[in-house]
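I opened a new page for this structure.

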Amino acid sequence: MAVRSSGEGNTAAALLQKLCCKITGLTDDSVIPHYQFALRILGSNSTPVDADEFQVVQKIKRQLVRRGREGDADSFSEMHRKLHSQGVLRNRWAVLHLFVTLSDTGETSQRSAVGEAMLGLRLGAPATSTPFPSSTPYTENRATERVTSKPSTDSLMPLAGASSSTSHHSQQTTLSSGISSIRGDVQSDGPTPVPQSFMPSGYTTPCTPWREEQSRRPPDTTDRQSVFRPPETALVLRSSRAMTSSTLTGRAQHDNTASEVPESELLKDLIYTFQGIEGKWIKLDAGRDGYRIDSQAGIPKAVRHIVSKLSECGWLYNKIRTYVQSRSTDKAFGLIGQSFCAALHQELTEYYRLIAVLEAQLQQEDDDQGIGEGDRLTLKRLVVWTYDPLLRLKMLAALVDAGKGKKGGALASTVYAYMQHGDPYIKALIKHTLTLVSQPIYSTLMRWIYDGELEDTYHEFFVASDPTVKDDRLWHDKYSLRKSMIPSFLSTDQARRILLTGKSINFLRQVCQDRTAIRGRDSAMNTDIKHGQSMFIQDEDASFQKMIDGVYTDTSRHLLDVLHAKYKFMDHLKAMRRYLLLGQGDFIRHLMDLLEEDLAKPAGNLYLHNLNGILETAIRATNAQYDDADILKRLDVRLLEVSPGDTGWDVFSLDYHVDGPIRTVFTPECMIMYLRVFNFLWRAKRMEYILAVIWKNQVSNARALIPIPELGHILHQCQMLGCEMQHFIQQVQYYINFEVLECSWDELLHKVQEAADLDHLIAAHQVFLDTVLCRCLLDEKSREILTQLRTIFDLIIQFETAQDNLYQAANEELDSRNHFDQQRHKRTEESHLARDSTKKRCQGEWAVTEEQEQEEQERRRTFLKNIIPSTRAQMTVLAQSYQDMVLRFLVMVTSHPDVSLRFLSFRLDFNQHYKVKEPTVRSPLAGYRQRSRAI
């Protein structure tokens with residue numbers, strides 16, 4: 001034989017042939033196919049990536065364990081330990097790798113009965129489209145002899161299980177990034193085909209054609225799936241991931257796995273596929289949205305797998321290109337969407353460069369046939385060259401899928417979500433893409449916070465503007481946040497500050513007519529737009545946060561300074577405290593004195609100009625005259641809507657006109673709240689005024705009515721009831737003036753001084769009004785208590801009327817009695833004068849006659865009978881009604897959620913006078929503890 005003659009038993013080829021004979025146990029003639037296969041392996045470029053002996057050993061042991069041969073794995077581990085300790089072999093990893101490769105490829109020989117050996121007797125013949133010369137063809141007897149002869153494999157038993165798994169698993173791990181969208185259309189039911197390699201020119205070994213060899217093999221009776229499981233990646237398909245093994249197996253039965261298609265043809269087809277173009281052998285399956293290899297093409301299964309993996313680049317490229325083409329012409333996609341498309345196009349440009357390099361390499365190989373085999377482009381080298389581009393395409397395709405139906409800040413948030421990636425390569429890609437995507441956001445943001453300009457034609461910025469809103473509602477309604485468009489790399493607080501900064505600039509320019517430039521505006525606007533990446537790397541670079549905080553602080557502080565200095569915000573706020581919340585005591589008292597006569601009239605008889613004149617008189621007569629003229633000019637009288645039976649006290653109110661920038665704080669809604677509080681305070685102040693008049697009348701009439709001793713009991717009853725009412729009103733007034741108004745006012749002043757922006761100022765003022773309304777019983781929760789309090793106020797007015805009627809009747813009676821006494825005294829004096837003038841002793845005359853005396857006595861009895869009993873009964877009813885109303889008021893207040901209002905009940909019933917009459921009146925703390933237990 002040629003091999004034997006040229007080798008003389010000492011050459012590498014001869015030694016390899018002897019090794020094959022030793023391993024297989026075949027004769028020199030019968031071992032030729034296996035010898036040829038060994039030459040293919042040694043002459044190929046399939047070397048391990050890393051010369052790591054440990055990895056090869058671990059792979060062998062995993063394969064043995066996977067096949068249930070744990071004992072053989074232990075034996076192999078022990079044998080390897082002894083071999084390692086002896087140091088006989090220097091390239092142990094190479095020998096082990098050779099055995100693993102032979103075992104992996106020889107697994108398909110388990111179709112035959114002798115396939116259980118490490119290098120089975122029925123290894124597949126070389127996959128080639130050109131049969132070897134048949135000078136020594138295989139005959140049926142030769143095949144039978146090869147089957148029946150069994151070599152001795154005892155010394156190789158630890159490695160026998162290595163054929164249980166293939167090296168294809170490691171190849172898949174190396175070539176895939178783990179985000180594969182490829183599915184296969186082949187199954188490893190047949191023998192594993194071996195790629196075509198280049199045979200040394202010195203050897204010509206006859207061989208039976210591979211198809212003929214296949215037809216002579218016995219039927220397969222082993223579990224094909226357990227022998228070899230290649231990844232199902234022959235079809236790049238999105239929906240084919242759920243394809244079953246049975247479907248793939250049935251399709252693989254029709255694939256031509258012979259090595260008939262040259263590798264160069266496949267490379268050219270792949271270059272077309274990379275560009276989204278169909279090739280000669282690789283076709284686009286429109287129904288399955290993926291590339292499919294022609295089943296009739298003579299391509300081995302392993303090569304089909306590599307081609308399928310490489311075709312994924314074309315499928316991903318088509319997906320990205322389609323998205324870019326469809327969105328690039330869509331103007332409604334916005335600037336951020338166009339930036340995203342530009343970033344994708346930039347990545348595709350780099351991908352085009354790779355394709356150009358590959359095409360140039362193939363063209364050079366076609367033009368220069370003398371290129372060495374080691375320098376030619378192969379499928380395996382193409383896998384290595386496209387590894388990084390494939391990862392980039394997969395990530396870009398993932399961004400495309402995640403970004404469908406999104407635009408603006410939502411799209412930027414989607415891209416930013418992929419920044420949290422552990423792979424620095426992927427993270428750098430996303431960072432580069434996000435830098436381009438965020439540039440429109442950064443540009444719009446800079447114009448907004450420095451110039452107050454908002455150019456957002458496609459509604460993709462997170463600040464929204466309503467052009468229909470007028471300037472008086474600019475701060476409240478014109479600008480708002482689009483929460484769906486806030487990028488996830490910006491916090492809610494940052495978005496709020498950005499909104500307030502631009503809104504403050506517009507408020508200054510459009511409402512306050514102040515066009516002062518923002519500090520640092522020129523340098524900030526000249527900053528490179530690429531600096532926008534500082535928005536999404538705030539954990540590494542705090543410059544963006546510092547910039548936002550600085551602009552926000554400067555703008556907000558300037559706005560507050562303008563409101564305080566130019567528009568005198570605090571002066572207006574204090575004016576409302578003095579006049580609308582009755583803080584100017586001397587003015588309010590004098591105004592009541594002047595208005596008493598007019599407000600006692602029916603509401604329909606009031607004239608606004610008369611009331612305004614009285615208001616001007618009260619201002620000039622009190623310390624209010626020293627206030628600023630602008631403030632006094634804003635103070636006015638307002639009459640509420642008149643209802644039947646209302647008096648002037650029910651419809652009278654003071655009003656304060658606001659306009660300009662301060663109207664942003666003192667909104668119409670706030671002024672209505674001030675009006676409600678004023679009406680409540682005015683009514684309570686009137687009760688205090690009425691009780692003061694009642695006490696004055698009691699003191700003045702106590703001495704005057706001494707001549708009518710029958711009124712002593714009634715007068716005492718009136719004084720007792722008046723004292724109760726006065727105590728109640730004094731405690732209510734103390735609660736309103738000190739615990740409600742003064743405490744809330746002090747908190748408001750403190751918050752106004754610490755306000756960082758206009759929103760904080762508005763919020764502090766709103767909290768002040770809400771607190772006053774709640775504690776003055778003007779909210780919805782206290783409606784019943786307020787009704788009860790107004791009933792008590794009505795009883796005080798009724799008591800004033802009843803006492804005035806009593807005093808009027810008593811004074812009339814006193815006048816009558818004084819008149820009778822004066823008449824009697826006058827007649828007595830006249831009688832004495834007449835008698836002295838005549839100096840005669842005359843018959844005496846009485847000052848009054850008996851009839852007059854009887855008439856006077858009858859009149860007095862009538863007065864005592866009609867006035868005193870009815871008045872006493874009326875006072876008794878009023879006293880009882882008042883006490884009942886106070887008891888109910890105390891019961892309601894005790895259960896109120898506000899603590900300060902609950903303690904009002906303690907001051908009203910400090911000596912437990914009402915608690916004795918009504919046991920349900922508990923202490924405020926007891927009521928609080930009972931509610932806490934109920935909760």
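The entries below follow that order.

**Entry 1: the whole chain**

I noted that this is a predicted model. I looked up the secondary structure and found 36 helices and eight strands in the protein chain. The chain has 935 residues, and 48% of them count as buried. I also looked up the contacts between residues at least 6 apart in sequence: 77% of these join residues at least 24 apart.

**Entry 2: helix H13**

I turned to H13, which covers residues 263-274. H13 has 12 residues and spans 16 Å from the first C-alpha to the last, close to the 16 Å expected at 1.5 Å a residue. Which residues of H13 are buried? I listed Leu-266, Leu-267, Asp-269, Leu-270, Ile-271, Thr-273 and Phe-274. Just after H13, Gly-276 has a positive phi of about 80°.

**Entry 3: H30 and H33**

Two packed helices are described by the angle between their axes and the distance between the axes. I looked up both values for H30 (residues 712-754) and H33 (residues 850-894): the axes come within 10 Å and cross at roughly 20°. An angle under 35 degrees counts as roughly parallel, so H30 is roughly parallel to H33. The crossing of this pair is left-handed. On the H30 side, the residues in contact include His-713, Leu-721, Met-725 and Phe-728. On the H33 side, they include Ile-868, Arg-872, Tyr-882 and Phe-889. By class, the residues of the contact of H30 with H33 are 12 nonpolar, five polar and two charged.

**Entry 4: H23 and H31**

At what angle do the axes of H23 and H31 cross? I found roughly 55°, with the axes coming within 9 Å. H23 and H31 are therefore oblique to each other. Tyr-552, Leu-559, Leu-560 and Leu-563 of H23 meet Leu-758, His-760 and Leu-761 of H31. I counted the classes of this contact of H23 with H31 as six nonpolar, one polar and no charged.

**Entry 5: H25 and H29**

I looked up H25 (residues 585-599) against H29 (residues 668-704) and found an angle of about 85°, with the axes 12 Å apart. H25 and H29 are therefore roughly perpendicular to each other. H25 contributes Ile-588, Arg-589, Leu-591, Met-592, Asp-593, Leu-595, Glu-596 and Leu-599, while H29 contributes Trp-682, Lys-685, Arg-686 and Tyr-689. The classes in the contact of H25 with H29 are seven nonpolar, no polar and five charged.

**Entry 6: positive phi values**

Most residues other than glycine have a negative phi.

Gln-513 has a phi near 55°, a positive value in a residue other than glycine. Where does Gln-513 lie? I found Gln-513 in the loop between H21 (492-510) and H22 (521-525). Its relative accessible area is 56%, and Gln-513 is exposed.

Lys-568 has a positive phi too, near 50°. I placed Lys-568 in the loop between H23 (543-565) and H24 (569-580). Lys-568 is partly exposed, with a relative accessible area of 38%.

Technical notes:
Residues are numbered from 1 along each chain as its sequence is written. This is a predicted model: local features need pLDDT of at least 70, side-chain atom pairs count only at pLDDT 80 or more; totals for chains, interfaces and linings use all residues. Side-chain values use heavy atoms; hydrogens and water are left out. Axes are lines fitted to C-alpha atoms, for helices over the stretch in contact, and angles run from 0 to 180 degrees between N-to-C directions. Helices (H or I, at least four residues) and strands (E, at least two) are DSSP runs, numbered from the N terminus. Angles under 35 degrees count as roughly parallel, over 145 as roughly antiparallel, 65 to 115 as roughly perpendicular and the rest as oblique. A crossing is left-handed if the near helix is turned anticlockwise from the far one by less than a right angle, and right-handed if clockwise. Contact means heavy atoms within 4.5 Å. Ala, Val, Leu, Ile, Met, Phe, Trp, Tyr, Cys and Pro count as nonpolar, Asp, Glu, Lys and Arg as charged, and the others, Gly among them, as polar. The expected span of a helix is 1.5 Å times one less than its number of residues. Buried means under 20% relative accessible area, exposed over 50%, partly exposed in between (1.4 Å probe, protein chains only).
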